[in-house]
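Visitor: I am new to reading structures. Could you walk me through one?

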Amino acid sequence: MRKVYTHAKLVTMATDVYASDGYSCQDNQSIAVEDGKIVALGHDAEVLDWPSQSLNGKLVTPGFIDSHTHLVFAGNRAGEFEQRLNGVPYQTIAAQGGGILSTVKATRAASEATLLELAVPRANALIRDGVTTIEIKSGYGLTLEDELKMLRVAKSIDQHLPVNVSTTLLAAHALPPEYRNDADSYIDFVCHTMIPAAAEQQLADAVDVFCENIAFSVEQAERVFAAANAHGLKIKAHTEQLSDLGGSVAAAKAGALSVDHIEYLSEADVQVLAEYDTVATLLPGAFYFLRETQQPPIAALRESRVPMALATDFNPGTSPFASLTLMMNMASTLFGLTPKENLYGVTRHAAQALGLSHKGQIAVGFDADLAVWDCETPAELSYMVATAPLLGRIVNGDWYDEQGVRG
Ligand code: NIG
Ligand code: FE
């Protein structure tokens, strides 16, 4: 498949966010794609005698990458939302067997077909907001069969929608009731049975752990990281969301691609992320929905030049928001990120957070995943929410209109 897209206003994200003040924004550019890859840009693309499509001078960014979601689940937690507003804290609900475990109950009871039926519209909402790659975690099964079931559903989404999917085994999300008071035995099971099975069946690209006082300790997380490394899976971690346990440092030292949430990360530990080139993933939806007041250490992250990614964390308990542009707006209003930082957060840095070295930038050799927007400046993408400025997406080189219909 060969095609040249012409008359694009390109925001390439090809320079380091900290290297310059502006965006690298180029008018009237052509992009040649072949077999899903960008093979030429600018004049080199214009001279090719291939089928062409004009993008009418519109703004073109790399396709957005939602690098942290829990998109596959059954049931909802509106009742707990109400409970929290009546004064019961998230941690208390979790300790009483609600929270993550209530979604586990509903997800275990659901068939693969039901889970897929529930997940597709959620993925579609992300797509209509410019997303071309979605990371999806397990973590609401917590038995071997139910975790693999979730991963199979996640992996099959790309057969139903024009989107790329990356999957993460989050078996260490919560202690299942079967292992009550025996977290170490559950971690043994995760390390010796679940991780090997997910790796062997090629159902997961990465392994994640919720390292928190309502979930797993740093020592337990370290065992999971070691097992992931032993099976050639990448590492990601939920760390410092509700307290500062030191999980981010442990994850970085184990080679994690990213540490996510990090509201309680200390400024001293930011240095460690810089040292290990670990991405700091900010999840403003969870911050907002839990009415958190502790700010992630943004100034220190900037000062140490740590790449910041931005994701929806879409899930029924702490972030029921299937919009990455909403997260961009929240990152600015709640954390003070600039619109430029937001755009890096959902493209280049999000790709780094998933270890997808051929995504997230518009450059020769990169995957031809692009989003085309009906706006004049990149800042507009962080500014107005739910007005659908998306004109279309190019996924693996092919054009899809704003409804996801192939052109
Ligand atoms: O990213 N922090 C842990 N996991 C999810 C919440 C999952 C849930 O409450 O269902 C999160 O916030
Ligand atoms: Fe999460």
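**Reading a binding region**

Guide: Start with contacts, meaning heavy atoms within 4.5 Å. Leaving aside neighbours within four places in sequence, Asn315 is in contact with His70, Phe73, Tyr140 and Pro320. A word on the basis: this is a predicted model, where local features need pLDDT of at least 70, side-chain atom pairs count only at pLDDT 80 or more, and totals for chains, interfaces and linings use all residues. Residues are numbered from 1 along each chain as its sequence is written, chains are lettered from A and ligands numbered from 1 in the order in which they are written, and side-chain values use heavy atoms, with hydrogens and water left out.

Visitor: Where is the place of Asn315 in the chain?

Guide: Helices (H or I, at least four residues) and strands (E, at least two) are DSSP runs, numbered from the N terminus. Asn315 sits in the loop between strand 13 (308-310) and helix 13 (324-335). Gly317 lies in the loop between strand 13 and helix 13.

Visitor: Is Asn315 buried or exposed?

Guide: Buried means under 20% relative accessible area, exposed over 50%, partly exposed in between (1.4 Å probe, protein chains only). Asn315 has a relative accessible area of 5%, so it is buried. Gly317 has 8%, so Gly317 is buried.

Visitor: What does UniProt say about Asn315 and Gly317?

Guide: UniProt positions use the numbering used here, with shortened feature names, and annotations may be inferred rather than shown by experiment. An unreviewed UniProt entry places the feature "binding site" at Tyr140, Asn315 and Gly317. They span 178 residues in sequence, yet no two of their C-alpha atoms are more than 11.5 Å apart, so they gather at one spot.

Visitor: Which residues coordinate the iron ion (ligand 2)?

Guide: Donors are N, O and S atoms within 2.8 Å of the metal (3.2 Å for Na, K and Ca); water is not among the atoms, so sites may look incomplete. Here the iron ion (ligand 2) is coordinated by His68 (NE2), His70 (NE2), His238 (NE2) and Asp313 (OD), at 2.1 to 2.2 Å. Along the chain, these donors follow the spacing H-x1-H-x167-H-x74-D. His68 and His238 link distant parts of the chain, 170 residues apart. His68 is in the loop between strand 6 (64-66) and helix 2 (78-85), and His238 is in strand 10 (residues 234-239). His68 and His238 are both buried.
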